[in-house]
Amino acid sequence: MAYEPKEENPPNWKRDFPIRQDEATHISRREFAKFLCLLSGGLALGNGYVVLSSFAFPDKELEGEHFVCNTSDVPVGGMTMFAIQGTREIPYILIHLSEGEWRAFEQKCTHLSCAVVYRDEVKKIECPCHNGWFSADTGEVLQGPPPRSLPQLSVVVRDEKVYVTAFNDTVS
Amino acid sequence: MSDFREAQDQAHPNKTNTLMLGIIMLLIGILSIQIWLLYSALNNALDENEDIAIAAFVGSLILFFTGLWLLKYLPDTRRRVNEEEQTGSKYQ
């Protein structure tokens, strides 16, 4: 490109986005670098928030037994959805795996929180959004993008009624 | 006595351009690592491995201060340098 002398008083837009390389160490790039640094500070703060929320406000464990439904309401191979009254609104599913075998899991997929459903024909839990599959027995990930198992509740059946409690490994 | 800033202001614009590009690239690299750290911390905190969140936070904070320190070496605007040269305010 032929050399052109610099303008005496260039308009603002020309000063902000110069064509000539020797004018290009300009406020716009300086500000961009500062903005990147500001973003970096924001990410560090975000990381601090993760630490704070995990240690200062840990998730409370479910207390006591909570009634879900009568055993006759869910046939073998069936599934029902429920939420526990008086707690943070988390959707759960109750699965009647086989005679006397019940399981309860959170219904939110651990990938992007889509609602998971029990598929009795393959005896697995499916997340239809991104083809994620979980074990209906333990809630472990079998396939797909979910990074973690489904959170589980313990199921207690008493007097033809189904209750759930906080999950305890020794119970199952 | 001449310092880094003075020497930088007297340098050829090609040099300051390269320095600017280098700093921006480093900052983008720092941001990418921080995004990865935040993602790992979140995923592990949800899986009840909270200790990783502390390590990620400390790492992220160190990276942020590194970025802040890098800003010290950002070249001045040409406009300001030219104005200072004309008035002679800086090198008297």
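## Strand pairing and the open sheet

Two strands pair if DSSP finds at least two bridges between them. In this predicted model, E5 of chain A meets that rule with strand E6 (residues 124–127) of chain A: 3 bridges join them. The two strands run antiparallel. One bridge partner can be named. A:Val117 has A:Glu126 in E6(A) as its partner.

This pair belongs to an open sheet in chain A. The sheet has 4 strands, in the order E5-E6-E7-E8. Its pairing is antiparallel. Strand E5 (117–119) and strand E8 (141–143) of chain A form the edges, and each of them pairs on one side only. On average, neighbouring strands are turned by 40 degrees against each other, direction ignored.

## The disulfide

How many disulfides does the whole structure hold? The search over all chains finds 1. A:Cys114 and A:Cys129 make the link, with 2.0 Å from S to S. The link is left-handed, with -100 degrees about the S-S bond. A:Cys114 sits in the loop between strand E4 (101–106) and E5 of chain A, and A:Cys129 in the loop between E6 and strand E7 (132–135) of chain A, so the pair ties together parts 15 residues apart in sequence.

A:Cys114 is buried, at 17% relative accessible area, whereas A:Cys129 is partly exposed, at 41%.

## Other cysteines

The cut-off for a disulfide is 2.5 Å between the sulfur atoms. A:Cys109 is buried, with a relative accessible area of 3%. A:Cys37 is also buried, at 3% relative accessibility.

## Nonpolar cores

The largest nonpolar core has 24 residues. Which members touch the most others? They are A:Ala33, A:Val50, B:Leu27, B:Leu71 and B:Leu74. H2(B) supplies the largest share, 10 residues.

A:Ala33 shows contacts from chain A to chain B. Leaving out residues up to four places away in sequence, A:Ala33 touches B:Ile24, B:Leu27, B:Leu71 and B:Leu74. Another core lies apart from the largest one and has 16 residues. Among them are A:Leu62, A:Phe82, A:Leu153 and A:Val155. In soluble globular proteins, nonpolar side chains tend to be buried together.

Note on methods: Residues are numbered from 1 along each chain as its sequence is written. Chains are lettered from A and ligands numbered from 1 in the order in which they are written. This is a predicted model: local features need pLDDT of at least 70, side-chain atom pairs count only at pLDDT 80 or more; totals for chains, interfaces and linings use all residues. Side-chain values use heavy atoms; hydrogens and water are left out. A nonpolar core is a set of buried Ala, Val, Leu, Ile, Met, Phe, Trp, Tyr and Cys residues joined through side-chain atoms within 4.5 Å. Buried means under 20% relative accessible area, exposed over 50%, partly exposed in between (1.4 Å probe, protein chains only). Contact means heavy atoms within 4.5 Å. Axes are lines fitted to C-alpha atoms, for helices over the stretch in contact, and angles run from 0 to 180 degrees between N-to-C directions.
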